[in-house]
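Please read it alongside the sequence and the coordinates.

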Amino acid sequence: MNQNSTQSDFWKNIRFGGGLGLSFGNGIFSATVAPSAIYDFNSRFSAGIALNYTYFNDNDFFKSTIVGGSFLSLYNVLPEIQLSSEFEYLNVNRDFESDLLEDDNYWQPAIFFGIGYTTNHITIGVRYNVLHDDDKSIYADALVPFVRVYF
C-alpha cells in the first residue's frame, strides 16, 4: 500500500459535526459554537475531540464567556444504541453586574457517561456528569440531554 492510499483511508474514517446554539429573550442572550471531529476505528468504536465557545449575557445579572474542549469516545452496542464517555474542560469567566458579587474565572472539569439512540447521522440521548458541582457547573443539572450530528 502506498502513502497516498494510507492518507486517503485515514480521511475516509474522519467525520465532522458539532453544534450551534442561539437563545434570547427577556434580557438574556446566549450563543454557542461547538465544532467536533471523530475518527471511526471500526463500525462500532469512534473517538475524537470537540471545541466549545459560549457567550452568555443576562442584562440584569452577569456576562459569561466559556471556552474549552473535550475528548470523547463513542461505542455502538447495536447500530441504534450508542454509549459515550467524554472528558470536558472549560474555562468559565463570569463578570457580575453587581458590586456585591465578585467576578470569577475558573476551570471546570466534567466527566460524562451517556446513552443515545442513533439513526443515520443523528444521535439523541442523555449524558450524566459524575463531577457535577451545583455552584460551579455551567449545566443546571448533572443529567444533560444531547443531540449529536456527524457527517
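Strand S2 (residues 28-40) is joined to strand S1 by 12 bridges, and the two strands run antiparallel. The model is predicted. It contains one helix and eight strands, and the eight strands form an open sheet with antiparallel pairing.

**Sheet architecture**

- The strand order in the open sheet is S1-S2-S3-S4-S5-S6-S7-S8.
- Strand S1 (14-25) and strand S8 (143-149) each have a single partner strand and stand at the edges, so one side of each lacks a neighbour in the sheet.
- From one strand to the next, the twist averages 20 degrees.
- In the pairing of S1 with S2, 12 bridges are found; within these strands, isoleucine 14 stands opposite tyrosine 39 in S2.

**Nonpolar cores**

- The largest nonpolar core consists of eight residues: Ile66, Leu90, Val92, Tyr106, Ala110, Phe112, Tyr139 and Val144.
- Strand S5 (81-96) and strand S6 (104-119) are the elements that give two or more residues to this core.
- S6 supplies the largest share of this core, namely three residues.
- A second, separate core has five residues, including Ile38, Leu72, Leu74 and Tyr150.
- In soluble globular proteins, nonpolar side chains generally tend to be buried together.

**Surroundings of phenylalanine 112**

- Phenylalanine 112 is one of the residues of the largest nonpolar core.
- Leaving aside residues up to four places away in sequence, phenylalanine 112 touches Ser84, Ser85, Glu86, Glu88, Arg127, Tyr128, Asn129, Tyr139 and Val144.
- Among these contacts, Tyr139 and Val144 are also listed as members of the largest nonpolar core.

**Chain-level description**

- Along the sequence, the protein chain follows the pattern α-β-β-β-β-β-β-β-β.
- Taken along the principal axes, the C-alpha atoms of the protein chain fill a box of roughly 65 × 30 × 25 Å.
- The protein chain has 151 residues, of which 34% are buried.
- Of the contacts between residues at least 6 apart in sequence, 43% join residues at least 24 apart.
- The protein chain exposes about 9,600 Å², and carbon and sulfur atoms supply 60% of this area.

Key:
Residues are numbered from 1 along each chain as its sequence is written. This is a predicted model: local features need pLDDT of at least 70, side-chain atom pairs count only at pLDDT 80 or more; totals for chains, interfaces and linings use all residues. Side-chain values use heavy atoms; hydrogens and water are left out. Two strands pair if DSSP finds at least two bridges between them. Helices (H or I, at least four residues) and strands (E, at least two) are DSSP runs, numbered from the N terminus. Axes are lines fitted to C-alpha atoms, for helices over the stretch in contact, and angles run from 0 to 180 degrees between N-to-C directions. A nonpolar core is a set of buried Ala, Val, Leu, Ile, Met, Phe, Trp, Tyr and Cys residues joined through side-chain atoms within 4.5 Å. Buried means under 20% relative accessible area, exposed over 50%, partly exposed in between (1.4 Å probe, protein chains only). Contact means heavy atoms within 4.5 Å. Accessible areas come from the Shrake-Rupley method with a 1.4 Å probe; for residues, only the protein chains shown count as cover.
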